[in-house]
Amino acid sequence: MATSLRGRLVRLLAVTAMAGTLVSTGIAEAAPQTVTVGQARFEVLSPTLIRTEYAGDAHFVDAGTFNAIGRDSFTKTPYTATKRDGWLTIRTSAVQLRYKLDSGEFSDDNLTVQLRTGGQDVTARPWTGKPACAFGTLCEAEQLQLAGVGSASDHRGYTGDGFAAGFINPGDGLAFRATAPSAGDYQLDLRYANGTGGDGQHTTRTLTVLVDDAAHTVTLPATADWDTWALATVPITLPAGQHQVTVKRGTADSGNVNLDSLAVVNTGAAYPQPVPPAPTPCAFGVLCEAEQGALSGGAHPASDHDGHSGKAFLAGMERIGASDTLTVTGVPADGSYDLQLRYADATQPTSLTVQTTNLTLPPTSSWNSWRTKAIPVQLKAGTNTVKLSCPDTNCHVNLDTVAVTAPHSVLLAPHAPLGGYRRGLDGVDGSAVSAPGILYQDGWSLLDDTVSALYDPRTKVVTQRPGNQPYQDGYVFAYGQNYGRALQELAQLTGPSLLLPCWAYGVWYSEYYDRTAADFQQTIVPKFRSQHVPLDMLVVDTDFKSPDRWNGWEIDPTRFPDPKAFFQWAHDQGLHTTLNIHPSIRATDPQFPAAQATAKGKLQPGCGNDCYIFDFGDPDQLRAYFDLHRTMEQQGNDVWWLDWCCDGSKSSLPGVTPDAWINQQYAEHGGFAFSRAYGSLQAGGYSSPTAVPTGPWADKRTTLHFTGDTISDWATLAFEVGYTPGESAATGLASVSHDIGGHTGGLQQPGTEPGSTKLPDDLYARWVQFGTFQPIDRLHSNHSDRLPWQYGPAADASATKFLNLRENLVPYTYTLAQQATATGMPIVRPLYLQYPGEQEAYAQAGGEYLYGPDVLVAPATSPGTTATTNVWFPPGNDWTDYFTGKTYRGGTTAQITTGWDTMPVFLRSGGIMVTRSGNVPGDAHDPGTAATVTVAGGHNGAFTLYDGQSLRYTENAHSATLTIGATQRVWTVRFTNTAAPSAVYVDGRRSTWTWDAATRTVTVQAPPTQHPLKVVVSAKPG
């Protein structure tokens, strides 16, 4: 096989060499994987992953970075590189990259990547050049070239799609090209907001404006708040022609502002008003943005949902007369064509008129979930007008992209992000925008690593990159529809998702409520035991601290008289513990003098009166910070919960995402970080969707992501169904942890304890069900009941059942977590990871997901004693209800009604699920001597448990066989989706069995063996 491949490559190279100058190949074992042309260098890491590096001084960087720690782990990849007609072309088996020789920095007009995504040919332009801002016109800041600042929309009063947010760190800025009509004096106007910053200050700020090489300082007085905008002016002198303009935070600037827009105008001219963009024609066969048509009747661009391509989508299609008129050019001939329309509609079937045809479009699972549908249209040759309009009050739809194609053409995938991430979901009430990650529907993305610091994982030393400018460093992922490969290569390049201890995948109890050691020892944990509710992790929230309950650094002796004895008691109970930490310290804290001494006097006020904060990027302050943990660690605490929500601590370490840096330190102290992730408190707040320039790529190596303080209502529960798999798919981080039950507000009733509330019984029961099939199942709240016995009998029974199911699922969940670390495929998976060619996999991604490869979960998210959930069953397999045994055909949709005792969970035919055979108080109490395997009939299948235990299922017309590797466990084997057998054999011997006709399940017991065990179910003749 190797010889054949080499032969094919030799023939390919012969043809290539005739076509142009052969630069390099990846055939010989010692052949370099890099191609260098002038100031540009390309490193072929795999057929679908190429590093692109531009160094203005030709000094390239070979060292790894804090993000890219695994670049040297890739095996050599065959490729060819040729020069012809002024272009460098690199070809692998999957992609073709072209770079225009001697054309300078990478941009959208000198570097392209071609790939195949499904049946679609895609041309990617991963690097965008500096956009132009026309003289005398208002230019939206968020649409310029951003470096270190994010595009946000979480304040009011801005124009366009949002604003450029942050300017937190030196170097953060935006850039554009401007052309002066003639030599002379001009001014650059900036529309900005300057409220109270993340550093706690409300004061005049500064930024630096660079025009070519000339630097100017712009002063930005404080505005009333972040919703109030003002103008600042910088006088500039420009020769005629084009200029490079940068607005950034310099080393001497204070930054911490938001920029809405800017304009280069004549001196003294009024600030230009926003001008709606003119409609843009849509060429035949080309994917176009729906919002670029001629809009009327209230139709307008918006960006308040996820998953759309471009800067926005078309909203406002919700009233009679709202319309979008498209000009389609280049239609080849009179005839029938398809209008490919990508839309979202999270309510009910929506009406829409295309030309004169009234349509009804089926809903999608959320406003963040999109479906592309081909609609027949009749067109004339040449240029046509196609009008999309709302015919009646049943119209309620958002439109993203349109394309006119030949009938039955492949549906065109847009460059639209799949999933997304946020630092937290604090304050989220049913919906929130997120930042894009690694996956896009048209199969490519750029991981821009330009600003990431150099890093050696062995020594854990961070060093800054050389100051060569201009400089670009990014990794082009070109995975097509093989999203799993993208996640695997992301894990290989940036490090795998951390595998947590087995017990972490059990049941957690946490509550923001003033608890004492006596409460836990005498009431709460004994109640868990007496009510037969499992428990693995005991979380102690902030009130244990002294002298300040928020940020004290000693354990309050009035609440925990003997901390060491408390932690030992918890460990004797088979429990693990975590303590809440807020990263600041009062000057009155007894530990403060020692901390300030260790920090060499560098701790500064920053969180109120006599409240000091830490700079995690300063080694002395970092040492002082962790010294504060030492006594409690020695007393026996296991894990720290960094609740970096509100205190002004920061990391000034350039080139490293602040959350990733402090989370790595916590992982080195306690095995893993339990914290927010992906950004920093300063970058847009503690619930920020604002992406930081160093990205979200390193957090997964160390972090269990605590998503923060959500609102407790049905809308938030429904939102989290799609959010978890979307975050994991965007970042590769597998361990996402929501507050099960939400945190605060929303639907609250009087609780069972003084000052507490509780959820409605139905909402509580359904949220606990949801947590059962999440990466982490952590009950939590703000003074609100989360324990089963605090609810009515039906909710109590439901929660008890599902918390025990969660505990029994630990072997399966831990195996999925192990697979996530090994392969990059997360525990909770969006449907499109396994069904990328199915439109419904995208349309239903907000309402259902896969728990591993074989289990389909569609949580109930509506009130009542029963709930009906729309479930799409992916094609290629049947799907058997885990609770009822009813089987549904793949490729169909069904309405599934469940009470609180069940939820929509389905096992794929041939799928294998392993659970414990009996309820246990927690993972530490499981001897591991018994397990239950549930197999859904209909297809062959296999599964390997975390400890190497192999299970293989085969079937034919006469029998079904489960083969289990040599085992010390007693197995209970459940064959579902099967008829009553004529006989059952265990290791060739006839065995007893039971048959449940209602669930169509055969159950048989199998003993431990020293050799592979076979359980055979023989079908009745007929």
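This is a predicted model: local features need pLDDT of at least 70, side-chain atom pairs count only at pLDDT 80 or more; totals for chains, interfaces and linings use all residues.
Local features need pLDDT of at least 70 and side-chain atom pairs count only at pLDDT 80 or more, while totals for chains, interfaces and linings use all residues. Residues are numbered from 1 along each chain as its sequence is written, and side-chain values use heavy atoms, leaving out hydrogens and water.

View 1. Arg41 sits in strand S3, residues 40-46; strands here are DSSP runs of E, at least two residues, and helices are runs of H or I, at least four, both numbered from the N terminus. Arg41 counts as buried because its relative accessibility is 10% (buried is under 20% relative accessible area, exposed over 50%, partly exposed in between, with a 1.4 Å probe and protein chains only). Look for Asp62: its side chain makes a polar contact with the Arg41 side chain at 2.9 Å (a pair of N or O atoms within 3.5 Å; within protein, one must be able to donate a hydrogen and the other to accept it, and residues adjacent in sequence count only if both atoms are side-chain atoms). Leaving aside residues up to four places away in sequence, Arg41 also touches others, including Thr34, Arg51, Glu53 and Phe60 (contact means heavy atoms within 4.5 Å).

**View 2. Helices H9 and H10 side by side.** The axes of H9 (residues 714-731) and H10 (residues 761-772) come within 11 Å and cross at roughly 10 degrees, with axes being lines fitted to C-alpha atoms over the stretch in contact and angles running from 0 to 180 degrees between N-to-C directions. That makes H9 roughly parallel to H10 (angles under 35 degrees; over 145 is roughly antiparallel, 65 to 115 roughly perpendicular and the rest oblique). Among the residues that meet are Trp714 and Leu717 in H9, and Arg766 and Phe770 in H10.

**View 3. An open sheet of six strands.** Pairing is antiparallel, and the strands run in the order S53-S54-S55-S60-S57-S58 (two strands pair if DSSP finds at least two bridges between them). At the edges are S53 (828-829) and S58 (887-889), each pairing on one side only. S57 (residues 878-881) joins S58 over three antiparallel bridges, and Trp879 has Tyr888 in S58 as its bridge partner.

View 4. Six of the six residues in S65 (residues 959-964) are buried. Ser959, Thr961 and Thr963 point one way, and Ala960, Leu962 and Ile964 the other. S65 forms a hairpin with S64, with three residues between them, and Glu955 stands opposite Ala960. S65 also pairs with S71 (residues 1013-1019) over six antiparallel bridges, where Thr961 has Val1016 as its bridge partner.
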